[in-house]
Amino acid sequence: MMRGVVRYLRRNPSLALGTVLLAALALFVVIGGMLVDIEDARPLSAPTLRAPSWEYPFGTDRQGRDLLAVMIAGTPLTLRIGFIAGFLGVGIGTVLAFIAAYYRGLLDTVIRGIADIGLTVPGLLVLIIIAVSLKGTLTVNQMAIVVASLAWLYPTRTIRAQVLSLRERGYVEVARLSGMSGPAIIFFELMPNLLPYLAATLVNAVSAAILASIGLEVLGLGPIDAPTLGMTLYWVNFNAAMINGWWWWWLAPTVIILMVFLGLFFLTVGLDEIANPRLRSAA
Amino acid sequence: MQAAYIARRFGVFLLIVWLAASLNFFLPRLSGQDPVRTKLLQQAALGGYVQGGIDEMTKEYERRFGLDKPLWRQYLSYLDGVAHLDFNYSIANYPRRVSELIADALPWTLALLGTTTLLSFAIGSFLGALLAWPGAPRWMRWLMPPLWALHAIPFFLLGLILTYLLAFQIPLLPIFGGYSAGAFPALSWRFATDVLQHALLPALSIILVATGGWALGMRGMMVTTMGEDYVTFAEAKGLKAPTVFLRYCLRNAILPQVTALALALGQILSGAVLVEVIFGYPGIGTLLFQAIRENDHFVIQGVVFTVIVALGFTTFVLDVIYPWLDPRISYRRA
């Protein structure tokens, strides 16, 4: 079993690279959580503006946060926003896509129309209007829901296209002729065949949601008292850390965000190859 | 047929305009209270950066929106104001109007975004086409991994890294702003080079990332196109390789890229907003950022509306040009 996995990963280096990057982050968070007191991610728990040293390996910021603790506490928070919004987006998107593509008709026209129009609009700006309209500052979970409000558009569109091509296949026809009901066909015939594709879409949606959440946070619309990666960048920008030469302040969040995006990206590429083996000849 | 196609596309554009306006109107009201009015009063109570004129503003606000009138009347008068590009006063910069602030910022964003999008689209598409072409130089294969990696990075993050490398460590380029402090905006050679220098880093961070995306998409399309029979036929006919490459492969493979461009504009813009914030570039993004900091609701709404409409219009134009680029489409229903 293990040997089979290794052999497959050698053939699919993108999947391997993505998994390694994300696993490294997970290890960092888990081991770091055991060794470092996450309470130090709060302001005033360390001396201010220390460059990296043995005591504070990632340095400290202007409000006296230990940046190592901030990263250990913030990485899972940012990922949580991404996963909640990504799951909601793909979940809603899948349901809408199946309804639209399997039943066609007026519903299909409406759902496709909304998704098509929604995708041409700059998502971040709509999210800004939503975030600004809500009372008070957001919590991490509210943030995820705000981001999810647009996260279903892209999955709906792409999954719908996949279902449209699948439903014409012979085995679906056979199931239909043998009297299987619509929902049964969707669950037992279409869904299993779409699973690898759904997985790739999910990873993509998570990545897009994290990007959107970091965007909102850098603009100052994030959870002000949570130490997420995006909020750290907001403080970096707020305090002009770049011009002042406090390089360690932005280096840690930048590297971790890079790892998150690259990891998710290579994971999507790898999953795409599983979902769509024809790509192999092209690569 | 043509007129019907264009009319239908224009209808979609109008729909977007209406949706954007309605979103701006209804979303703030969904939270039960009117945050605009609350914020106005808050600002008045705090004093702070509101320089006075708050009374006139509140009156103007109540008169304009007719807060005593029923909701549908308010909605109609709001739409009327929007139709005249009237977004009321800026709260933080009273007595400047929102439309003035946007008019000041928009050229900066248009210039930055227009240039970078066109450049990255052109370079990326050509690069991607070459990457799929068997006759391309071997060293080009080494370009793939960095292009892939760059493509996955958000614009502004690359911006941060570039700033550190090219403006802080090696002070080649200015770190912040749209032009040097103290430079007087004028149509002079010195001012132009100053502006260009300031625009270089933000532009570079957008171009590097976006080029990767276009190259990847184009490479995929090229691989498909090169498998077509007419390409084999063209080669068999003995046509020169550059002719086959440019007129048979590239010409056909670039069409889906144009469709992708229409879809990607929204994402590019979202990313560019953050780039502007990181670099303090005086465009729409920075205006929006300041407005969010100062709770300047009218400016936020005005910017969001303007940008959505501008993008909707660009998409409309691309839709209209597309059949002209690809005669196979010929303005028929898809």
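Visitor: What makes the crossing of α5(B) and α8(B) right-handed or left-handed?
Guide: The crossing of these two helices is right-handed, and the convention is that a crossing is left-handed if the near helix is turned anticlockwise from the far one by less than a right angle, and right-handed if clockwise. Helix α5 of chain B and helix α8 (residues 189-226) of chain B pack at an angle of about 35°, with their axes 6 Å apart, where axes are lines fitted to C-alpha atoms, for helices over the stretch in contact, and angles run from 0 to 180 degrees between N-to-C directions. The residues of that contact divide into 21 nonpolar, 9 polar and 1 charged, given that Ala, Val, Leu, Ile, Met, Phe, Trp, Tyr, Cys and Pro count as nonpolar, Asp, Glu, Lys and Arg as charged, and the others, Gly among them, as polar.

Visitor: Where do the numbering and the coordinates come from?
Guide: Residues are numbered from 1 along each chain as its sequence is written, while chains are lettered from A and ligands numbered from 1 in the order in which they are written. This is a predicted model, in which local features need pLDDT of at least 70 and side-chain atom pairs count only at pLDDT 80 or more, whereas totals for chains, interfaces and linings use all residues.

Visitor: How many helices and strands are there in chain B, and how many in chain A?
Guide: Chain B has 12 helices and 0 strands, and chain A comes to 13 helices and 0 strands; both kinds of element are DSSP runs numbered from the N terminus, helices being H or I with at least four residues and strands E with at least two.

Visitor: Why does the span of helix α5 of chain B agree with its number of residues?
Guide: The expected span of a helix is 1.5 Å times one less than its number of residues, so the 35 residues of α5(B) (residues 98-132) should span 51 Å, and the end C-alpha atoms, 48 Å apart, agree with this.

Visitor: Why are A:Leu49 and A:Ala240 classed as they are?
Guide: A:Leu49 has 17 other C-beta atoms within 10 Å and is therefore partly exposed, whereas A:Ala240 has 12 and is therefore exposed. A:Leu49 lies in the loop between α2 (13-35) and α3 of chain A, and A:Ala240 in the loop between α10 (229-238) and α11 of chain A. Phi of A:Leu49 is positive, near 50°, in a residue other than glycine, and A:Ala240, not a glycine either, has a positive phi of about 50°.

Visitor: What makes α5(A) a mostly covered helix?
Guide: In α5(A), 11 of its 11 residues are buried, among them A:Gly123, A:Leu127 and A:Ser133. For the whole of chain A, 47% of the 283 residues count as buried, and for chain B the share is 37% of 334 residues.

Visitor: Which residues make up the contact of the two chains, and how many come from each?
Guide: Chain A contributes 34 residues and chain B 44 residues. On the side of chain A that touches chain B, α5(A) gives the most, with 9 residues, and that side divides into 26 nonpolar, 7 polar and 1 charged.

Technical notes. Contact = placed C-beta atoms within 7 Å. Buried ≥ 20, exposed ≤ 12 C-beta atoms within 10 Å, placed from the backbone.
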